[in-house]
Amino acid sequence: MHVHSTFSSDGKSSMNEHCEIAKQKKLKSICFTEHVDLNDKEINLGKMINKSSQLFNVDEYFNEIDNMKKRYI
């Protein structure tokens, strides 16, 4: 239940890729746990664009969650 997609700086696979693997393994659920670092004093692998914003787009993230629900549930 601890999966990072490409929404996280250390994620290597898309949500869809993770869902496909979960489906192949007949898992009943999957949980994406992305990194969202709001501490502007901490370096977080280049995710911060500047001290007031970061690359993580909340709307885009939840849109992709909704897409995965429609596709796999």
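Exposed, as the word is used in these legends, means a relative accessible area over 50%, and buried means one under 20%. The views below are taken from a predicted model.

**View 1. The outward and inward faces of helix α2.** On the face of α2 turned away from its buried side, the exposed residues are Asp59, Lys70 and Arg71. The buried residues of this helix are Tyr61, Ile65 and Met68. Seen down the axis of α2, these buried residues fall within an arc of 60 degrees, so they line one face of the helix. An α-helix has 3.6 residues a turn, so residues three or four places apart point the same way. The helix itself has 15 residues and reaches 21 Å from its first C-alpha to its last, which is close to the 21 Å expected at 1.5 Å a residue.

**View 2. Helix α1 and its packing against α2.** Helix α1 spans residues 15-24, and within this helix Met15, His18, Cys19 and Ala22 are buried. These four residues lie on the same side of α1, because they cover an arc of only 100 degrees around the axis. The partner against which the buried residues of α1 pack is α2, residues 58-72. Seen from the other helix, what covers the buried residues of α2 includes α1.

**View 3. Lysine 26, after the end of α1.** Helix α1 is followed by lysine 26, a residue placed in the loop between α1 and β1, the latter comprising residues 48-50. Although lysine 26 is not a glycine, it has a positive phi of about 60 degrees. Its relative accessible area is 71%, and because the cut-off for an exposed residue is over 50%, lysine 26 counts as exposed.

**View 4. The largest pocket and the residues that line it.** About 340 Å³ of space lies in the largest pocket. Its lining is formed by 14 residues, and those closest to the centre of the pocket are Cys19, Ser29, Ile30, Tyr72 and Ile73. One of these, Cys19, is also among the buried residues of α1. Both helices take part in the lining, with α1 and α2 each supplying at least two residues, and the largest share, four residues, comes from α2. By residue class, the lining divides into ten nonpolar, one polar and three charged residues.

**View 5. Serine 9 beside histidine 35.** Serine 9 lies in the segment before α1, and at 29% relative accessibility this serine counts as partly exposed. Histidine 35 is 26 residues away from serine 9 along the chain, yet the C-alpha atoms of the two residues are separated by 7.3 Å.

**View 6. The whole chain, for orientation among the close-ups.** The protein has two helices and two strands, and when it is read along the sequence these elements follow the pattern α-β-β-α. Of the 73 residues in the protein, 27% are buried. Among the contacts in the protein with a separation of 6 or more, 55% are accounted for by residues 24 or more positions apart.

Terms used. Residues numbered from 1 in each chain as written. Predicted model: local features only at pLDDT ≥ 70, side-chain atom pairs only at ≥ 80, totals over all residues. Heavy atoms only, no water. Buried < 20%, exposed > 50% of the residue type's maximum accessible area, 1.4 Å probe, protein only. Arc of directions from axis to C-beta. Contact = heavy atoms within 4.5 Å. Expected span 1.5 Å × (residues − 1). 1 Å grid on protein atoms, 1.4 Å probe; cavity = no way out; pocket = protein on both sides within 12 Å on 5 of 7 lines; lining within 4 Å. Points joined across faces, edges and corners; volume = space filled by probe spheres on them. Nonpolar A, V, L, I, M, F, W, Y, C, P; charged D, E, K, R; others polar.
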